Amino acid sequence: MPEVVKMIIDFYLLFLLSYFLLSFFLSSKRIFKLLLIALFVYLITWGAGKLDLKISYQVLKEVRFWLPLVIIIILTPDIRRNFENVWLSDLKTEGANINTEETKQEIIDAALYLSSQRNGALITIEKYNSLDAFAERAIIMDALVSKELLINIFVPNTPLHDGAVIIRGNHIRCAGAYYFLSETDKQERTMGSRHRAALGVSEISDSLTIVVSEETGNISIVIEGIMIRANDREKLLEYLNMYLK
Amino acid sequence: MRKIKLFFKYLLLFLINPIKTIASVDVSDRFINYLTKNAWLRIVIALVVSAFFFYLIYYTNIL
């Protein structure tokens, strides 16, 4: 085989690998940060080798050797999930950008009703980052969004009312999802677990979450670790339109 | 001015504990989402990375 053809095939395979790895590392912030740490370790190992720093180089060589294994062990669940997401990303046609006006109105109507009844609620609208990690452990619904269904899910003392509803496009992906609670100290210490959960999911994804407080009936919108009070229809619609365009 | 101060703060933290500093870098959602949405940009970056390694392996003795 001519040398040029070999080089072209070599380059093509290298490109495929780079593209796949890039898609994989971008699928989660945690994995992306680990990539940065790994790059740093490789860089200083290379630097130590070049500068002939004998002890550092020996130690760092060992670290460099074991680092991939350590990363794989730490991130096993994330890696499995993100590999699946990378494979399936092309198949995910629904995203927050195709929430129809009707869906937005149904969500707002439900939030306002739940607020008037002082029923606590947690409704997360997925954007580009997949929330399947939480949906997998919840009750999958895949039902069209409707005000009645959302209200019914959050009726007190029913099996699903404590968890969150995840909305993907125009469908309720699941109900009864449980998020990690935010540990931020920027908010009040007295904040309830529902609001902490909303902040928690907003810190690790680009989703928008609507929280209805059980105690006060207040409606809040949580985006990117920020909580905003939005008690009326206009404000809710404004935020939904602005963030989910 | 604030950004300059922040840069030196990060620099100092980096010298004290580089791994923790890198882990605490606030990766922008907008950046990740933009790359996730735009396949062409990922292709361009993958091409650049591939070309870089290709150059290192075929034309230099670094690796």
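Q: In this predicted model, what are H5(A) and H9(A) to each other in orientation?
A: H5(A) and helix H9 of chain A, residues 233–243, pack with their axes 10 Å apart and at an angle of about 140°. Angles over 145 degrees count as roughly antiparallel and those of 65 to 115 as roughly perpendicular, while the rest count as oblique. The two helices H5(A) and H9(A) are therefore oblique.

Q: Which residues of H9(A) make the contact with H5(A)?
A: The crossing of these two helices, H5(A) and H9(A), is right-handed. On the side of H5(A), the contact is made by Lys104(A), Ile108(A), Ala111(A) and Leu112(A). By class, the contact of H5(A) with H9(A) has six nonpolar, no polar and two charged residues. From H9(A), the residues that make the contact are Arg233(A), Leu236(A), Leu237(A) and Leu240(A).

Q: Which element gives the most to the side of chain A that touches chain B?
A: In the contact between the chains, 17 residues of chain A meet 21 residues of chain B. The elements of chain A that give two or more residues to this side are helix H1 (3–25) and helix H2 (29–50). The element that gives the most, with seven residues, is H1(A).

Conventions
Residues numbered from 1 in each chain as written. Chains lettered and ligands numbered in written order. Predicted model: local features only at pLDDT ≥ 70, side-chain atom pairs only at ≥ 80, totals over all residues. Contact = placed C-beta atoms within 7 Å. Helix = DSSP H or I, 4+ residues; strand = E, 2+ residues; numbered from the N terminus. Axes fitted to C-alpha atoms, helices over the stretch in contact; angles between N-to-C directions. Parallel < 35°, antiparallel > 145°, perpendicular 65-115°, else oblique. Left-handed = near helix turned anticlockwise from the far one by under 90°. Nonpolar A, V, L, I, M, F, W, Y, C, P; charged D, E, K, R; others polar.
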